[in-house]
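The sequence and structure are shown first.

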Amino acid sequence: MKRVHFLGQAKVELRDVPAPNLAEGRVLVRIRCSALCGSELGAYRNAGMNGNPGHEAVGLVEEGGEKFGFAKGTRVGLHAVWGCGKCQACAEGKYTWCESRIGIGQDFHSELALVPAQALFRPPENLTDAEAVLVSGDGLGVCYHMAKRLQVKPNAFVVVLGLGPVGLGHVMLQAFLGARVIGLDVSPERLAFAKDLGAQSVLDVRTVDVVKAVKDLTGGQMAQVVVEATGRPECVKQAFSMVAHGGTIAQSGECGSVTVSPSEDLIRRDVGWVGGWYFFFNESTEMVDLVRKGLQPGRLVTHALPFKDAAQAFALFAGGKTGKVLLTNA
Ligand SMILES: [Zn+2]
Ligand SMILES: [Zn+2]
């Protein structure tokens with residue numbers, strides 16, 4: 001079978017590798033559609049960095065699914081994080097909290113993938129493959145997981161700092177839930193896209209004094225929530241200057257370390273700073289409910305290319321102007 005292989009220096013090739021062997025507790029899935037994720041770009045650009053070719057996908061059950069209730073040909077969404085299946089966290093569908101969980105890096109940009117039965121989600125048939133990928137992967141999952149935590153009130157001001165695919169997902173979801181969203185980025189394409197997805201205002205951080213602009217747009221009160229989706233230390237600092245008293249900074253961008261003053265930044269302004277990693281398995285069902293209520297996650301997808309054109313898809317995605325980019329095998 002073919003799989004995407006990162007060579008570093010922004011080079012990708014399709015390699016012939018042996019198909020995975022069916023193993024105990026696992027199901028072989030023929031991938032139909034997989035999404036590119038910003039978290040893969042490190043390995044894409046840097047040779048020798050730990051590869052992560054694909055962790056958001058849907059496919060059809062090929063082999064080994066019957067005993068778990070998945071007939072051959074059933075469409076399944078693949079979760080990239082799964083737990084032991086035995087502990088309390090797993091029983092609650094919170095695989096990310098399982099102490100013996102398996103992390104991200106699941107090789108889903110392939111023709112076939114071997115996935116534990118407990119990581120398979122069955123999206124309703126009326127969802128397109130693109131929608132099914134988004135509700136079963138972190139493309140929407142990260143945004144939903146955070147939104148549930150934030151419980152933003154209707155008409156509250158939400159600043160989204162960084163409009164990569166995850167930031168755009170926050171924009172779309174928060175706007176859908178009724179917030180007044182202000183999107184910040186450097187890319188004119190992504191700023192325009194954020195407006196299409198429901199942002200009330202967008203600000204180009206290169207040309208605008210964004211702290212002053214957010215103050216003006218919010219009538220002086222600043223944002224009830226700032227979603228930090230860049231992971232850059234200077235942007236994390238900036239988030240603290242855009243949040244209202246009593247507000248919350250939602251840390252969505254992975255970031256190694258940053259200097260924060262608990263007294264100045266948090267305590268004296270009653271500010272909260274929360275994190276959220278990936279999402280819970282059982283939240284896929286809740287995201288499907290939002291699709292029933294009118295959320296259109298497929299709008300996050302700007303490009304879909306055949307699997308054989310993976311090199312082109314990565315080049316496009318790494319250019320920093322797209323929304324979600326898909327590889328299709330159908
Ligand atoms: Zn991802
Ligand atoms: Zn567990």
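## A buried strand residue

Val 61 counts as buried, because 23 C-beta neighbours lie inside 10 Å and the cut-off for a buried residue is 20 or more. The model in which this is seen is a predicted one. Val 61 belongs to strand β4, which covers residues 57-63.

Once neighbours within four places in sequence are left aside, Val 61 is in contact with Val 27, Val 29, Phe 70, Ala 71, Lys 72, Gly 73, Thr 74 and Val 76. Arg 30 lies 31 residues from Val 61 in sequence, yet the C-alpha atoms of the two are 6.3 Å apart in space.

## The largest nonpolar core

In soluble globular proteins, nonpolar side chains tend to be buried together. In this model the largest nonpolar core holds 102 residues, and the members that touch the most others are Leu 78, Val 158, Val 159 and Ala 223. The element that gives the most to this core is helix α4 (residues 138-150), with seven residues. Domain 1 (2-137 + 279-328) and domain 2 (141-275) each supply at least three residues to this core.

What does Leu 78 touch, not counting residues up to four places away in sequence? Its contacts are Val 29, Ala 57, Val 58, Gly 59, Phe 108, Ala 113, Val 115, Ala 119, Leu 120 and Ser 136.

Helix α3 is mostly covered, with eight of its eight residues buried. These are Asp 129, Ala 130, Glu 131, Ala 132, Val 133, Leu 134, Val 135 and Ser 136.

Two packed helices are described by the angle between their axes and the distance between the axes. For α3 (residues 129-136) and α10 (residues 283-292), the angle is about 135 degrees and the axes are 8 Å apart. The two helices, α3 and α10, are therefore oblique to each other. On the α3 side the contact involves Glu 131, Val 135 and Ser 136, which meet Ser 284, Met 287, Val 288 and Val 291 of α10. By class, the residues of this contact are four nonpolar, two polar and one charged.

The domain assignment divides the protein chain into domain 1 (2-137 + 279-328) and domain 2 (141-275). Their C-alpha centres are 27 Å apart.

Where the domains meet, 14 residues of domain 1 are in contact with 16 residues of domain 2. On the side of domain 1 that touches domain 2, α10 gives the most, with three residues. That side of domain 1 is made up of five nonpolar, four polar and five charged residues.

## Positive phi in two loop residues

Gln 9 is not a glycine, but has a positive phi of about 50 degrees. This residue is found in the loop between β1 (2-8) and β2 (11-16). Is Gln 9 buried or exposed? Gln 9 is exposed, because 9 other C-beta atoms lie within 10 Å, and a residue with 12 or fewer counts as exposed.

Gln 151 likewise has a positive phi, near 50 degrees, in a residue other than glycine. Its place is the loop between α4 and β8 (157-161). Gln 151 counts as exposed because it has 10 C-beta neighbours inside 10 Å.

Methods
Residues are numbered from 1 along each chain as its sequence is written. Chains are lettered from A and ligands numbered from 1 in the order in which they are written. This is a predicted model: local features need pLDDT of at least 70, side-chain atom pairs count only at pLDDT 80 or more; totals for chains, interfaces and linings use all residues. A nonpolar core is a set of buried Ala, Val, Leu, Ile, Met, Phe, Trp, Tyr and Cys residues joined through C-beta atoms within 7 Å. Helices (H or I, at least four residues) and strands (E, at least two) are DSSP runs, numbered from the N terminus. Domain bounds come from an automatic or database domain assignment. Two residues are in contact if their C-beta atoms, placed from the backbone, lie within 7 Å. Axes are lines fitted to C-alpha atoms, for helices over the stretch in contact, and angles run from 0 to 180 degrees between N-to-C directions. Angles under 35 degrees count as roughly parallel, over 145 as roughly antiparallel, 65 to 115 as roughly perpendicular and the rest as oblique. Ala, Val, Leu, Ile, Met, Phe, Trp, Tyr, Cys and Pro count as nonpolar, Asp, Glu, Lys and Arg as charged, and the others, Gly among them, as polar.
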